[in-house]
Amino acid sequence: MKLKYILQWVIFFGTIGSLSAQENKRPNIIFLLSDDHTSIATGCYGNDQVVTPNMDKLAETGVQFMNHYNTTSICMASRAIYMTGMFEYKTGCNFEHGPMRKETFQMSFPMILRDAGYFTGFAGKFGFAVSDGTDPSDKNWDVLPVDQFDVWAGGLGQTKYQTAKNKYIKKYADKYPHSTRAYAAWAHDFIAEAKDSGKPFCMSISFKAPHLPFTPDVYFDAVYEGKTYQKPANYGAENGEHLAPQAKTGRQYKQYEFWRDTEENYQEAIKRYNQLIHGVDYAIGMIRKSLEELGVDDNTIIIYAGDNGYSCGAHNLGGKVLPYEEASKSPLLIFDPRMKTKGGQRETITSSIDIAPTILTMAGLDIPNNMDGENLIPLMNKKKGIKRDHIPLMNFFGNDEIQEMSVVTKDWKYIYWQYEDDRMKPTEELYYVGKDRLEMTNVISEKKYQKQLHKMRALYDAQVKQLKENAVPYHDYQKYGVLFDRNSSAEDKKPFLRGTYEEQMKGKKPKNHFN
């Protein structure tokens, strides 16, 4: 009998030990997000004019996603999408629409992970407000979920490049006066605190870089000193003549003059932009060194992405928002030290909606039904691990003319510009991006591509149907079921229009500076 009880206690404590080991095996997860980093401004994506050794190493030792799109290419909406895994019309959050509601934020991956026992931290540009329900207009942009994380170092609005001007990281200002490196220093302290907690951790850092104003860290002045940069092959007005008239109405075409007014300004702008990206790359190196020093590198997954791309003068465009390649694509790199072999490159189309479900799956949690994205782990393990063939791209921001919806596959992109007046009619664009990444030829009228056009229209119409069925009933999202419907007439759309670019800019001075 005594032996029997001894064996029972051995089994009991063995089971407890096994459960504890399983808890310890849950991976740590780091999600790093930059602002306005287009994928083509990265060494591992084929640009030999930028210096990004740490990003390149993530790509070499992890998985590099070659066709990663942001379903909405503007920071507030995109950040909400990354956190929740939902399309913008379900998050209900963007400039000119409104903040995210508290109940929606509770379904974001940091909140789900914290409830599941993860030690969570956030630093940098949070990018969107979380409504607490006290503002009758539901337009309070100043409410941040500070107390919803174990450690908070985020900021309102765009935040500042000067470390000392950011409340929660100003203690790092003496050693790291530029915020990009300061966030990496904060990361070291967070990782140490998370390790002491005994819990697996999820750390999110959203860098301001390389967003305007282009104010890079002087610590890296020597990196690009004396360099002259080549312009992209689709640079300038002559390479934008074929674009839809709607695309040439907003600030993306009318402002950002520094990209195109003089050669000197272009060179200065691209140098500063690249230097800001190099700062983020350096911060990634600092974070990886901290992981090694603190002995948690072998169980920590690193995800790096951008909230949207940046046009940098392509097709005479600046900024983001539009569905063209430079503005809608950003890097996506995932390094998981537990993978037995290097992942390599993946051509399957991925999207910002995929990050939240992927992170939850990495943590061993189920994906909530409200999320629209795919778990990318099967794709990380196998080149054709998921069967997705398309995603929608959409813009609900800015002047009426540029609000549009598109669908993109690995090889094709269809854009429907819904706006019409006495200057323009609804316009379709079809690009064979598999062979024409610079989007120099709209093949919408070519006879040999009509079958493909019908397929893309069908995919588009199905996405509009999804929008109609799932858009939140607040913050002015329901109207897009009418505006984006290819069968809607001008009269149908008229009640939902807010103003052309000229009307919105009346009495305002365009901001063209990059300082």
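This is a guided tour of a predicted model, one selection at a time.

**Before you click**

Residues are numbered from 1 along each chain as its sequence is written, and side-chain values use heavy atoms, with hydrogens and water left out. Because this is a predicted model, local features need pLDDT of at least 70 and side-chain atom pairs count only at pLDDT 80 or more, while totals for chains, interfaces and linings use all residues.

**Stop 1: helix 11**

Select residues 355-362, which make up helix 11. Helices here are DSSP runs of H or I with at least four residues, strands are runs of E with at least two, and both are numbered from the N terminus. (Buried means under 20% relative accessible area, exposed over 50%, and partly exposed in between, with a 1.4 Å probe and protein chains only.) Color Ile355, Ala356, Pro357, Thr358, Ile359, Leu360 and Met362 to see the buried ones. Then step along to glycine 364, which follows the helix and has a positive phi, near 80 degrees.

**Stop 2: a histidine in a loop**

Next, pick histidine 37, in the loop between strand 1 (28-34) and helix 2 (53-61). Histidine 37 counts as buried, at 0% relative accessibility. What does its side chain touch? One partner is the side chain of threonine 42, in a polar contact of 2.9 Å. (A polar contact is a pair of N or O atoms within 3.5 Å; within protein, one must be able to donate a hydrogen and the other to accept it, and residues adjacent in sequence count only if both atoms are side-chain atoms.) Also show the backbone oxygen of alanine 41, which lies 3.1 Å from a polar atom of the histidine 37 side chain.

**Stop 3: two cis prolines**

Now go to the loop between strand 8 (201-206) and helix 8 (251-254), where you'll find proline 210. The peptide bond joining alanine 209 to proline 210 is cis, with omega about 0 degrees. Proline 213 is found in the loop between strand 8 and helix 8 too. The bond from leucine 212 to proline 213 is cis, with omega near -5 degrees.

**Stop 4: positive phi without glycine**

Select cysteine 312, in the loop between strand 9 and helix 10 (325-328). Its phi is near 55 degrees, a positive value in a residue other than glycine. Cysteine 312 is buried, with a relative accessible area of 9%. Valine 321 is also placed in the loop between strand 9 and helix 10. Valine 321 isn't a glycine, yet its phi is positive, about 75 degrees. Buried or exposed? Valine 321 is buried, at 3% relative accessible area.

**Stop 5: salt bridges**

Side chains of opposite charge can pair when their charged atoms come close. How many salt bridges are there in this model? The count comes to 27, where a salt bridge is a side-chain nitrogen of Lys or Arg within 4 Å of a carboxyl oxygen of Asp or Glu.

- Aspartate 150 and arginine 114 meet at 3.2 Å, N to O. Aspartate 150 is in the loop between strand 6 (130-131) and strand 7 (151-155) and arginine 114 is in helix 6 (residues 109-115), so the pair ties together parts 36 residues apart in sequence.
- Arginine 457 bridges to glutamate 428, with the closest N and O atoms 2.8 Å apart. Arginine 457 sits in helix 13 (residues 450-470) and glutamate 428 in strand 16 (residues 427-431), so this pair ties together parts 29 residues apart in sequence.
- Lysine 468 and aspartate 485 meet at 2.6 Å, N to O. Lysine 468 is in helix 13 and aspartate 485 in the loop between helix 14 (480-483) and helix 15 (490-493), so the parts they tie together are 17 residues apart in sequence. Lysine 468 counts as partly exposed, at 41%, whereas aspartate 485 counts as buried, at 17%.

**Stop 6: a charged network**

Show Glu325, Lys329, Lys413, Arg437 and Glu439 together: a network of salt bridges links them. Zoom in on lysine 413, which lies in strand 15 (residues 413-417). Lysine 413 counts as buried, at 0% relative accessibility. The lysine 413 side chain makes a polar contact of 2.8 Å with the side chain of glutamate 325.

**Last stop: aspartate 298**

Finish with aspartate 298, in the loop between helix 9 (263-293) and strand 9 (300-306). Aspartate 298 is exposed, with a relative accessible area of 54%.
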